[in-house]
Number of protein chains: 2
Amino acid sequence: MGEITSAKTDGIDLVVFSELSVCGYPPRDFLEFEDFISRCEKAIDEIAAECVGVAAIVGAPLRNQSPSGKGLFNAAFVLADGEIKQVVKKSLLPNYDIFDEYRYFEPNREFEVVDLNGIRIALTICEDLWNIEDPLYITSPMDELMKHNPQLMINIAASPFDFAHREARIRILEKNCKKYNLPILYSNHVGAQTELIFDGGSMALNSNGQLIHELDYFKEAASTFKFDGDLKLVGEGKKIDSRSKIERIHDAIVLGIKDYFEKLGFKKAVLGLSGGIDSAVVLYLAQKALGPENVRTLLMPSEFSSDHSIDDSVKLSENLETEYEIVAIESLFKNFQQNLKPLFRDLPFNLAEENLQARIRGVLLMAVSNKFGNILLNTSNKSECAVGYSTIYGDMNGGLSVIADLYKTEVYELARWVNRNGEVIPENIITKAPSAELRPDQKDSDFLPDYHILDEILTEYIENRKGPSEIMNMGFDQTLVNRILRLVNLNEYKRYQTPPILRVSKKAFGMGRRVPIVGKYLC
Amino acid sequence: MGEITSAKTDGIDLVVFSELSVCGYPPRDFLEFEDFISRCEKAIDEIAAECVGVAAIVGAPLRNQSPSGKGLFNAAFVLADGEIKQVVKKSLLPNYDIFDEYRYFEPNREFEVVDLNGIRIALTICEDLWNIEDPLYITSPMDELMKHNPQLMINIAASPFDFAHREARIRILEKNCKKYNLPILYSNHVGAQTELIFDGGSMALNSNGQLIHELDYFKEAASTFKFDGDLKLVGEGKKIDSRSKIERIHDAIVLGIKDYFEKLGFKKAVLGLSGGIDSAVVLYLAQKALGPENVRTLLMPSEFSSDHSIDDSVKLSENLETEYEIVAIESLFKNFQQNLKPLFRDLPFNLAEENLQARIRGVLLMAVSNKFGNILLNTSNKSECAVGYSTIYGDMNGGLSVIADLYKTEVYELARWVNRNGEVIPENIITKAPSAELRPDQKDSDFLPDYHILDEILTEYIENRKGPSEIMNMGFDQTLVNRILRLVNLNEYKRYQTPPILRVSKKAFGMGRRVPIVGKYLC
């Protein structure tokens, strides 16, 4: 409530917070607890009591008093004169990808504007403005609100980050401004909640749809605007964000790690360094988020590890000033093989022995995690998650998966960006051929096509929802496409048990992608 | 399509299949693939071509031709004369617990009856009839359909099993029959899809709401009915199911295991036998589902294992005629401790060493799983899943979690039921004090209250959505309630990575329960 107090001091009329700001977004099934809703109501009353001489708009769940329909609305509370002045309910409930709003909320069907100090405001909540392209809903709240001659639009949102979402938001807001000839204040949520990263970037557009100011991304921020028929920025220079795709992804992941640790009350991370690019990039991101003193690594060579895997990891650790320890796994690997000999007899070395090594490493990392209260960071990338080129209960372990929404080619892009001003990640880590090093002379390319081809096919299937013949028609080999798509579907069982993955694309593995495990489609 | 051909031979007019029978339920995000929808359309055309001299009702997705709204409807296709005669769309889209229908489907808003051989049928899909108690929706399709004077109700469903759901279905159908004074044919899906078990039990009720016949539960079945103003069963004796709660749970889990293996193309299972009741019950269920020749176990004693843990497991394996092998973990445990000594130094034995043992066992089981192509069955129960009394990447491993929707007290109930005609599970397994045996003289009761109390508190919180003060007001100790609820919420991070759990209650961990990991509620 600090913002409300200082707004009062500064003579500001209205402070706008984000969607469901009282309880966080998404509160998920906590919303099914009467007790949780009561606590939200209590919080609203406390905030309202502060709103004397200043008004505020805050988001919170609202009980539905009607005997039919869902029990709650997703609402915006207008607080002024120490009380709740008006409540606006969300009409369009996103229920795709990571969104589950119709699970909890009844859609609004009644429309009225908010009258504040004589200004008529069309107040909407996030998705309410998004029916302006490819309409997913049969009503558009702004069309209804226009009947009441509003002078200004305000939209409170909880719009999660993906690397292209800023442009989508600006486009949607611009279209609304132009269509309704109104300026808009857009207030977005900021902070990460497990896999979802809310990037902030609240903004104001004038009635021509021109972006007049963007608030900071990836951190809490406030700006002041004056309304006199259109919106004017008060007291600071106009700012438009210019981060590149990779820079955004970097900043988003750093925030994602930071908030995951802070919100769980942890400080320190542990991860395994293999000498490969994935763990190198994760180590870089973790030390940026947590500080080098809070990240430790294990180097766990086996008989199949190349010399450079240790040398490169040591060099990386020195560059990043992070602590490392070396625990060779040869004796453990031999010991397991001896213990399993009565069962395995003379069966040849195969996947079982490969996975065994990855799992021994997983056990060592979890032992350190448990002993020292460090969260294990998972280092899988999206390409290997997709085709199942990873060991469940081995290298798939972790409390948080840091780069599993980045295809391998994007991990390379990010590594190059990290090195843009000089070598941070040793060049050899970036240039050597990727390998799991679980048997002699193994290379990723033994099993997988070139990552550029693989990642294109995966993007068409995972992000763009293209089927096999559509992908083949783009010029990819039929046998390869069938094999890759089959691998993706067959490995759903592994992904079911993956740690939460920081989401940076429009379609990440996790809560936003829900696929049957036993489904026969393409299997 | 065998049913359609034989119906034709038998002179039957109409064959009724279940909801989304063409693609299985729930198809989840496969529905977002144009390619998948095209395959469903092709299947419908093929089935329609068979429908000459007989009509059929089958469930499948239907494209929404309108420019606004979701892209699909959940539909019932009436097939006759070799073509699609009529299509009825679902109006009420369940979007709670395990259901996500509004993720994909637009609700229907137009109502008409089906005219078949001069009989006016009110055809609805599953949820469409369920708005008759505590209405979750603002419209009731049958109220609309009554305007067209139907003579018969048909409802096609994909209603998943929980141990009390049969009674709920009968109650809902009875209320509809009475309210509208119409008989009903209810056709439900059968077979398991990963965690969801569809139990069949299609049924017919007359216009007084009396149940006149139930089809078999837990297997495919067909019965014939004659309609002459009311429904009469043709050619077999009236059957009403009389299974007890535990018997249903048993049959459901056996079907769940069977279908999981069959649909994934696997035959054999492996699991760890600890000498405790959980793994004993899972072994019993697995050998019932897969045959004793298809289930193998590992007995993995440590220095902390009691003698009876091996003896009891051997006796159980003999009773069930399942193969077992003993792999002691002492040397591996010592080896890990030696390797970790440079890191752990002289820090005391704690959770890290306890989990280490569970993880060594997990690695051994996964090695066998990988080497022989067996699916590892997880043996966790719902009580320990709830409070996190389990080791992630250790005893939480598995492709399928068999009894993790049964509280510990229910596992005991099931074990007693298994032994109802004589000892199958050795009595000592049932009567001894539960222990994880990960340090000297450990007992579950060192950490947890009596399971009867624990399970009651958990049921109120998990199934009944009661908050802390409501549970305390039922007479439970405040400190205990706070501690248990906090443990449940803190351990969400572990459950995120749990294997899919066969759902037998109205609120299972998994897709039907969606809770934030970093949420601060009660933490």
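These legends describe close-up views of a predicted model.

**View 1. The largest nonpolar core, with residues from chains A and B.**
The largest nonpolar core holds 95 residues. Those with the most contacts inside this core are A:Leu458, A:Tyr461, A:Ile484, B:Leu458 and B:Tyr461. In soluble globular proteins, nonpolar side chains tend to be buried together.

**View 2. The surroundings of A:Leu458.**
With neighbours within four places in sequence left aside, A:Leu458 is in contact with A:Ser383, A:Ala386, A:Val387, A:Tyr407, A:Glu463, A:Ile484 and A:Val488. One of these partners, A:Ile484, is also listed with A:Leu458 among the residues with the most contacts inside the largest nonpolar core.

**View 3. A:Glu384 in helix H10 of chain A.**
A:Glu384 belongs to helix H10 of chain A, which covers residues 382-387. A relative accessible area of 10% places A:Glu384 in the buried class, because buried means under 20%. A:Leu406 is 22 residues from A:Glu384 in sequence, and the two C-alpha atoms are 10 Å apart in space.

B:Ser390 is part of the loop between helix H10 (382-387) and strand S19 (400-401) of chain B. Its relative accessibility is 13%, so B:Ser390 counts as buried. Not counting residues up to four places away in sequence, B:Ser390 touches B:Glu384, B:Asp395, B:Met396 and B:Lys494. B:Tyr393 also lies in the loop between H10 and S19 of chain B. The phi of B:Tyr393 is positive, near 65°, in a residue other than glycine. B:Tyr393 counts as buried because its relative accessibility is 6%.

**View 4. Helix H6 of chain A.**
Helix H6 of chain A runs over residues 277-290 and has 14 residues. From first C-alpha to last, H6(A) reaches 20 Å, close to the 20 Å expected at 1.5 Å a residue. Of its 14 residues, 13 are buried, so H6(A) is largely enclosed by the rest of the structure. A:Gly291 follows H6(A) and has a positive phi, near 90°.

**View 5. Helix H7 of chain B and the elements it packs against.**
Helix H7 of chain B, residues 307-320, has 14 residues that should span 20 Å at 1.5 Å a residue. Its end C-alpha atoms are 20 Å apart, which agrees with that expectation. The buried residues of H7(B) are B:Ser309, B:Asp312, B:Ser313, B:Val314, B:Leu316, B:Ser317 and B:Leu320. In chain B, these buried residues pack against two helices, H6 (277-290) and H12 (427-431). They also pack against strands S15 (269-273), S16 (295-299) and S17 (323-326) of chain B. Just after H7(B), B:Glu321 takes a positive phi of about 60°.

**View 6. The largest cavity and its lining.**
The model has 11 cavities of 30 Å³ or more. The largest cavity contains about 690 Å³ of space. Its lining comprises 31 residues, and those nearest the centre are A:Tyr496, A:Met511, B:Tyr496, B:Gly510 and B:Met511. Helix H17 (492-495) of chain A and helix H17 (492-495) of chain B are the elements that give two or more residues to this lining. By class, the lining of the largest cavity has 15 nonpolar, four polar and 12 charged residues.

In chain A, a cis peptide bond with omega of about -10° joins A:Tyr25 and A:Pro26. A:Pro26 lies in the loop between strand S1 (14-16) and helix H2 (34-50) of chain A. In chain B, a cis peptide bond joins B:Tyr25 and B:Pro26, with omega of about -10°. B:Pro26 is found in the loop between strand S1 (14-16) and helix H2 (34-50) of chain B.

**View 7. A positive phi at A:Phe218.**
A:Phe218 is a residue other than glycine with a positive phi, near 65°. Its place is the loop between strand S12 (211-214) and strand S13 (224-227) of chain A. With 10% relative accessibility, A:Phe218 counts as buried.

Methods: Residues are numbered from 1 along each chain as its sequence is written. Chains are lettered from A and ligands numbered from 1 in the order in which they are written. This is a predicted model: local features need pLDDT of at least 70, side-chain atom pairs count only at pLDDT 80 or more; totals for chains, interfaces and linings use all residues. Side-chain values use heavy atoms; hydrogens and water are left out. A nonpolar core is a set of buried Ala, Val, Leu, Ile, Met, Phe, Trp, Tyr and Cys residues joined through side-chain atoms within 4.5 Å. Buried means under 20% relative accessible area, exposed over 50%, partly exposed in between (1.4 Å probe, protein chains only). Contact means heavy atoms within 4.5 Å. Helices (H or I, at least four residues) and strands (E, at least two) are DSSP runs, numbered from the N terminus. The expected span of a helix is 1.5 Å times one less than its number of residues. On a 1 Å grid over the protein atoms alone, a cavity is a set of points where a 1.4 Å probe fits but cannot get out, and a pocket is an open set with protein on both sides within 12 Å along at least five of seven lines; lining residues have an atom within 4 Å of a point. Grid points are joined across faces, edges and corners, and a volume is the space filled by probe spheres set on the points. Ala, Val, Leu, Ile, Met, Phe, Trp, Tyr, Cys and Pro count as nonpolar, Asp, Glu, Lys and Arg as charged, and the others, Gly among them, as polar.
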